[in-house]
Every structure is written in structure tokens, then in C-alpha cells.
Amino acid sequence: MRGEGEGRARRRFARALRDPALHFAAIGALLFAAGRATGLAPAAADATRAPIVVSAAQVEKLLANYRAATGLVPTRADAHALVEREIETEALYREALALGLDRGDRGVAWRLIEKMSFLADEHEVDRHALLSQAAGLALDEDDLVVRRLLVEKMRLRLRHEGSIGTPTDAELEGYLAAHADRFRQPARLRLSQVFFSRSRAAAREDAAAAVAPLRADAAPAQDLATRGDPLPVDRLAIWTTQQDLVARFGSAVATGVAALPPGVWSDPIASPYGWHVLLVHERVPERLPALAEVRGQALYGLLADRRAAALLASTRALRAEYEVSVEWPPGLEPAAATETAESGS
Amino acid sequence: MSRLLPVPGPAVRRGAAGRSRRLGLLALVSLMPLAQGVDCSNSGRVVEAGRQPCLAYHPSRAPYFGETHTHTTYSFDGVLVDTRTDPRDAYAFAQGGPLALPPYDASGQPLRSVQLQRPIDFAVVTDHAEYFGEPLVCLDPTAAGYFNLPCILFRSSIGTAPGAGLPPGFLFFANELISATPTRNAAICGPTGADCRVRSESVWLDIQAAAEEAYDRTSACSFTSFVGYEWTANTSQKNLHRNVIFRNEIVPAAPTSYFDAQTPAQLWNALQASCIDGIPGCDVLAIPHNSNVSGGVMFETTGATAAGNAQRAKWEPLVEIMQHKGDSECKAGLGTTDELCSFEKIPFQAIGDPRNPGGTPPALNFVRNALLEGLVQEQQTGVNPYRFGFVGGTDTHSSAAGGTEEDNYAGHLGFTESSPEFRLSTFNLVPGGIDANPGSLTVLWAEENSRESLWRAMKRREAYATSGTRPTVRFFGGYSLPADLCTQPDYAGTAYANGVPMGGEIPQCTACTPTPPDTPKFSVFALQDPGSPGHPGTALQRVQIVKGWVDAGGVTHEQVFDVAGDALNGASVDTGTCTPQGAGFASLCTVWQVPGFDPSQPAFYYARVVENPSCRWSQHECVRAGVTCSGTTPSVAGYGSCCDPAVPKTIQERAWTSPIWYEPGA
């Protein structure tokens, strides 16, 4: 017995090792540890955070780029989204520099060497020399390629930090509550029907004539299977939903059933296929499942959301560290109502 | 076992908490359901551990609508067409949620979105297994390969418009997939390939996580996902693609890509080793698709052996008969005079060849010809390699799983099909644009909407494909199907008791007295697509049975029978408004006895259910934009296809049931 138990535990362990959630957590932890091991603590919120200024020329350039990329004339809302994105980018760039992400970066080095080789003596081929010359000339400052590299690097780092941590039950409960619309299960009903096909001329009359005997019969279940015309799908004591009825038989049947009290055969209801006489056996109201029922779905949903949210939240937090001023071109100034929101962040 | 396995309850949770003290992170995962098929009752109902039995259980099976072919941003060509949505988004879309589509504005907001009129019941995300990691390297400035040429070209190719030719970033990736000896690109992945491998692992895990999140294991059984991927072989520019689908969440640590296996047999062997033999509880099948651009090699049988044929039949019980890049059922002029074979054909004969409307593809590019060849193979080797059922997919590269609605088609190739002008344009180097269509659906007859139940339906081929609409179709065959089956209140129960469903096999009737009782009968019962509010379904026109057989001399034959409905019902569609005209049938049912049946000839029979005419997706675009034509000149620039007589304005949507095979002497 003991050996068998151990075997089972081993198998369980092996299965657990294959589980994607574990791998995510492990990869996240590794990336996090790697970031920490390099000795790069988050940049201190020190006094060196000079205000971020977006000049009128920069705004115009953002708008021009947008027009070129999309062929659309940016609205005021577009303009504000673009500027906000630019401010976030600048905050990410500065954070990357503060963390020293440019140091030892192959991409940055590549770019600086490429740039320096244009400026330097054409016979200079030593890449190390080129690199140090570039550094001496501060060629990395305001270089768009270097900036984009560092911003992307910063984004990746923030995103990875979101994978950290095992959600607690309380957090999963919170996720379930916050996504109740997704997890809520629609009302269900158990349904039987007797069907009369349009393919027969007398179907409508037959359906009308079938109602009274069905209602009078104390225990019709015995011979329901032998009444009416066939459908290609099961028609007795089947659990279904309003949405499923619409998909299967159209809106009229679904609406008719919605109004039907349990235990009473309906009048004939028309569908594209014919006439349906229906009986609702029982109904189960809509419900939000317990966490135990949807734990896997909630867990993976929460982990995925965290990864996406980490980037957003960290970026916003970084941006909030800065005073921002924007030189809006005429006509694009924030409306009075939005002004406080713009400057208050 | 005589009872249903309990859903994980408090006892299970306590156990998990206990382990968590020792194993830390494992607590997170020890609650995850583990699929172990358990036969639970004398009715044969199976409920895997870790899920609740579905409330909606159909003893005679119900039709579940879904699809088996979806790409997301985890496909390299998805990235190239600027698809930024992932498997999570694809599953959310399949369940009725909105989906972001390119183009994106400068602040990263999508400028388009699309939503299904009707959700689907199941889906499989099948990203190209070959390049899970490479695009991430090329988009990650911290990666060593970021500034190497392939990555620079890859990035510069993202979101290029159609008509500009194949972007160099595409060719760099695609060229390996046409090589007989593909190698991973060291300039991207580093000398050991580690950079791509590490990223590939996280993508494969995310694909699994998205499937986990989407699979409803409660008794509501509202949606089923499967873990899958696409094996993307284009040896010598000929399409040999397979979608690989796993039975449950127990899957190998890495997919088998074209880098690992260059022939179908190598793929099957790898699946045997990594899944079937490699991990207890793992099970898998492969679905070939786009034989229409395979240059004849998808179903080639030169040098076939009994063992090879048996291996193929074991791994590939299904074939994808239609998708975005065309219909593969049959083609007029290639062994058939069937006029309905001229449906959604694309003018490409092999995936790597340029557009060639005048070209004649090899006959074995088409499924019906392969079914016939299968009968010949059985005669010659004793084993039929092509006894497959039919499924359908979109092959969307925009994460739009199940997006087959003609009047709600947003294109399946991301940015390159992002506007009506793009969609209506001619793509000369890869199939797409005006030649393409919104794709096809798979319908599985299963007891309930769970992985196990749907999986079993796939394995027994109780499946049919539709050209995107949702008719309900039953197909049965057998010697004792009653002549009055269509008026028996319990149609399905009677049919199962007296015959086999679609995908089944009928042996020769050795106990029957001589003709006519030894002639099998077939029954088709079809309901028209009921449509959805605001989008009425189209009535049925007719039901056909396609028979294929081989005679004693090894010569193949086919015949198409109209068995119900009316081909001359006069129904049409007003192409100025896309309003249908004339009557059709809401339901059609028949029992049909094969005329001139020869019990010595192996044969297959499948049903084709044909709707009245309706507008093709492209005509919906023309009507929406109010395009009028003066000759072949459109009133709206970029809408030339609206006035091109070579572009059909209407189609007849249809369903194809899996065949039923008749086997003499069996």
C-alpha cells in the first residue's frame, strides 16, 4: 500500500511539474530573480526627476506621424492619447536609464557603433574604440533608436514582474466577483416538446389538437416519445437555456418558453420548422458558480490579467512620479472639464 | 466504477493545502483537473476527473458547432499581418466577445473590432508550431538576434499592405518551411537555438493556459477548448499542413514542428513517441488541410504499403474540407461533372506557386478524389488510408475563431484584409483577398459539450462540415432503416438502432437473402439554419448523396443523386439588397435506397445539403458600399471586384456529412 501511495504521489508530482501555471510562476520568478541579481533596485524616486515637457513641435510631430500611419485626421481625443503615450514613453525611457539598462546592452552598442562609424575617421575599424568615442560624444542621448530599445526593454521588464506570486483564494474570489458577467451561468430549464413538422399539410391543426390531450394526461411521459413528428435532436427532458433555444429553434420558441410556467403544456409555438408544444419540467435560476467549480479558469484568467495589468500599473505609477507640462498647439488644449484630470495625475 | 467521480471538493483542497507547505508553488497547480477517462455508469457516460457532468446531456447526441483551425499573434505570419491578439482573445471571441483587429493607431488602440452574431461551442487554437519563439526574439531588443538581418526584415515587414509582394520578412521564415532540410535560423535564435527555445516554451505554455481558462468544466458546459498547433510542412512549396489536436490538457513539453519532423510519417512517429508512449493519458490526432494547394502530394499514394496506409488511417480520421483559402471537396473537370464543385475554388495549385486562374490542379488536390483513391488502395494493399470524416475551419490569422458569417466578415489575414478595398483586391502571390472566403465550421454529434465527448465524436467521425452556416444534418446508413423513418417520432433513436451514423461503416450483409434486402439504405434529415435575430437563415434547396465506388477492374466511379428537395425551386437572391427570393425547405428528410447496388464493389456515400442561393461575402461588401457598375467600372474606387463578372455574386452554402463506407466481404 505504501509503495502504491508513493507512486501516486510521484505521478501527481510529475503531472504538477507539467502544469503550465507552475511554469509561468517559475519563469516569472526566474526573470524576477535575474533582474534582482543584477543589483538593479528600482530607481529611487529621487529629486532628479525633472519635469517632462512635451513641446508644441513634439505634439505636431506625433500628430503628423499618426496621419502618416493611419491616413486619419486625429481628433482631439486621439491627440491627447498620443501625447499621453509619449509621456509614458519618456517616463519609461528615463527609468531604463536610471536602472542602467543601457549599460552593456548589445543593441545600444550596435546602434552607437553604427552612428559613430559615420562620424569617425573612416579608417577606424576597432569597434571598442568607436563605442567609447560615441560615449564621449554622448551620441546615445536623444537617439531615437536607442530610446525605443530602452523603452521596449523597460516594458518587457515590467510585464514580467506581473507573473510573480501565487494567487490566494481571496484573490481568486475577488477575480471571480470582478468578472461575474463572464462566469455567471444563465438560467437553465428542462424541457420536453412534441413537434409538428411544416412538411406535413395538417401539421398546424394537429398541433392545435394535441394540446388538450397533453394537458389532460396525468402522466404523459410514458408515451411522449411516440407523439408528433421527429426532430433530428433529442426532444424529451433535455436541459437547455434561452440562448440555446434561440440558436436551435429561433426567437419565437425561446420567447414562448420564457413565459411558460413549469408543468403546463404550451399552446403551439411556430418556428421555421413547424409547431412546437412545449413543457417546462423545472427551472434553475442563473447563478455564479463557487470558486471551487471554476478554480482553473479563474486562476489562469487572473495570471494572464496580472501580466497585462502589471505593465499598465507600473507604467502609470512611473508616470505619476513626474510633473508634466504640455504645450498644446492652438485648438487642441484640453477642454476645461478634462484639464484637472490632465494636470492632476 | 459505478458512480460519477466527485468534483474537486473540500477534501481535495485540504490535500492541496497540505502539500503546499512542502512544495510551495505546487499548491497552485495541484487543483488543476487531470484528465483520466473514467467509465462511470452502465450508460457508457464518461466524466473525466476534475469536471462536473454536463447538465445538458443528449442520449441521442446533439450537434455542437465549432472550428478546428485558428491562428493568433503566436503565428509568425499572424505577427506579420499585425495581429496582436492571442489565444485568450481567440477563445473569448469564439464565445461571443469582441475582438480587436488591425490597423492599430499610434497609441496602440485597434481601429477595428468584430463580434460574432452567434457564439460557437468549441474551438482549437492552432498556431504554427515552427516559429513560436522567433517573432518574440525579433521584437525583443534584449535578445541577441534583434539586430540581425532576419529580425530587421521581419520587423520592417509587419503590417505591409497587400499587393506589395511577399515581404522579405515573410520569405526569411517561409523559406525554411519549403526546404527538405529545414534548420533554425542561428542569426535569430543564436548558435544553440536557445534564445528561440526558451521563448517557444513560454508560448506553448500560454497556449495551454488559454485553453485551460476557456474550458468550462462546470455543469454548464458552455464552451470547450482543445490544445493544438499546426505542423507546417511545405516541402517543395506544396502544402502538407496538419492541425494537431490533443484529447485533453496532458500534452508534450514541446510541439512537433517541421524542424523536428519533415514528413507526415515522421510527424506521426514523433506524436507516438512524445504523446502516446511518452506521457500517460496523452492522446492526439492530426487533421490535414488545404489539400487544394498541395500540388497533388497531400493524398499521393505512390509506393504506398499496407502498413503505411494503416498508420495514416490511424492518425488521421478527419480531413478539413474547407476554410478561408478555399474549398477542397472537388473541382469540376477533375474526374467529375458535378456542377456544385465550382464552389469557392482558389486559383492556386500549390501554396508556393503564384496565382494562376487557368491552371489545372492535380486531381488528388481534392478530397473526393482522395476518397476514391482510398478505395483503390484498399483493393491493392488491403488497407484504405483515406477513410476520413469531414471537418471545417477558418484558418483565420486574426484570432477570429468561428468568424464564418458572410455578412460579418472582417477578413482573416489581419492588416492585409483590413479594409473592403484590401479584401476585394486580388492577391497574386499568396491566397487571400477576393479569392478567399470567411471559412467553414465543424459540427460534432456528441452527448455533451465536453472534451471527452467531442473527442470521441472526432475519433468515430460523427462529424460534418458546413461552409459557415448552421444547418442541422443527420446521416445514417444500414440495411434495416425503416422506410417510414422520417415520420417516426424518435428519428435518431430508431436510426441508431437500425444503422450507423455518419463516419460509420456498413459490412456486406451476409445474412440477407438476395436482393433487394441486401441493398443498404441511407437516411438524411436536415433542418435549415434558423439564423439569429436580425440575420435570418437561408432555406434549404435540396439534399444530395454522393456515391463513389471502385469496380473489379480498379476503375473508380462517382455519382451524385438528388434525394430530397427541389433543384429547380426557382429560389434566387436579389443581389442589389442580398434579400432571398422564392421558397425553399425548412426541413428535409428522406430514406433512400441505393439504385443498382452491387454488393461486390467497395463504396462510400456522403450527404451534401445545399441551401438556396445567398449573397457571397464580397457582394455584401458591394451592397454595403452602394457600389453600382458601369460595365466593369465600379462607382466606388477600389471596388472593382463588384463589377468583375468572374467574381460570383451569390453562393449556395452547404453542409458535407462524413461518409459512410460500404465494405464487401467484411
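Which residues are buried in helix α15 (residues 491-498) of chain B? In this predicted model, local features need pLDDT of at least 70, side-chain atom pairs count only at pLDDT 80 or more, and totals for chains, interfaces and linings use all residues. Residues are numbered from 1 along each chain as its sequence is written, chains are lettered from A and ligands numbered from 1 in the order in which they are written, and side-chain values use heavy atoms, with hydrogens and water left out.

The buried residues of α15(B) are Y491(B), A492(B), T494(B) and A495(B). Here buried means under 20% relative accessible area, exposed over 50%, and partly exposed in between, with a 1.4 Å probe and protein chains only. Helices (H or I, at least four residues) and strands (E, at least two) are DSSP runs, numbered from the N terminus. Viewed down the axis of α15(B), the buried residues fall within an arc of 165°, so they line one face of the helix; the arc is that of the directions from the helix axis to the C-beta atoms. The cover over these residues includes β13 (472-478), β16 (521-527) and β23 (587-593) of chain B, where contact means heavy atoms within 4.5 Å.

Helix α7 of chain B (residues 168-178) was examined in the same terms. G169(B), F170(B), F173(B), A174(B) and L177(B) are its buried residues. Their arc around the axis is only 105°, which puts them on the same side of α7(B). Among the elements covering them are α3 (76-80), α5, α6 (149-157) and α8 (186-189) of chain B.

Aromatic pairs were considered next. A pair of aromatic rings is described by the distance of the centres and the angle of the planes. Rings of Phe, Tyr and Trp (its six-membered ring) pair if their centres lie within 6.5 Å; planes under 30 degrees apart count as stacked, over 60 as edge-to-face and the rest as tilted. Over all chains, 32 aromatic pairs are found. In one of them, Y131(B) and F173(B) have ring centres 4.7 Å apart and planes at 70°, so the pair is edge-to-face. This pair links distant parts of the chain, 42 residues apart: Y131(B) lies in the loop between β4 (122-125) and α5 (134-138) of chain B, and F173(B) in helix α7. Y131(B) and F173(B) are both buried. Y146(B) and F147(B) also form an edge-to-face pair, with centres 5.1 Å apart and planes at 80°. Y146(B) is buried at a relative accessible area of 5%, and F147(B) is buried at 13%.

Not counting residues up to four places away in sequence, R312(B) touches R242(B), W268(B), M298(B), F299(B), P385(B) and Y386(B). C282(B) is in the loop between α10 (264-276) and β7 (284-288) of chain B and counts as buried at 7% relative accessibility. With the same exclusion of residues up to four places away in sequence, C282(B) touches F246(B), I250(B), V251(B), P252(B), C275(B) and I276(B).

Backbone geometry was also inspected. Most residues other than glycine have a negative phi, and most peptide bonds are trans. P102(B) and P103(B) are joined by a cis peptide bond with omega about 0°, and P103(B) is in strand β2 (residues 99-104) of chain B. C221(B) has a positive phi, near 45°; C221(B) lies in the loop between α9 (194-214) and β5 (224-231) of chain B and is buried, with a relative accessible area of 9%. S236(B), in the loop between β5 and β6 (242-246) of chain B, has a positive phi near 55° and counts as exposed at 51% relative accessibility.

Chain A has 14 helices and six strands. Of its 345 residues, 43% count as buried.
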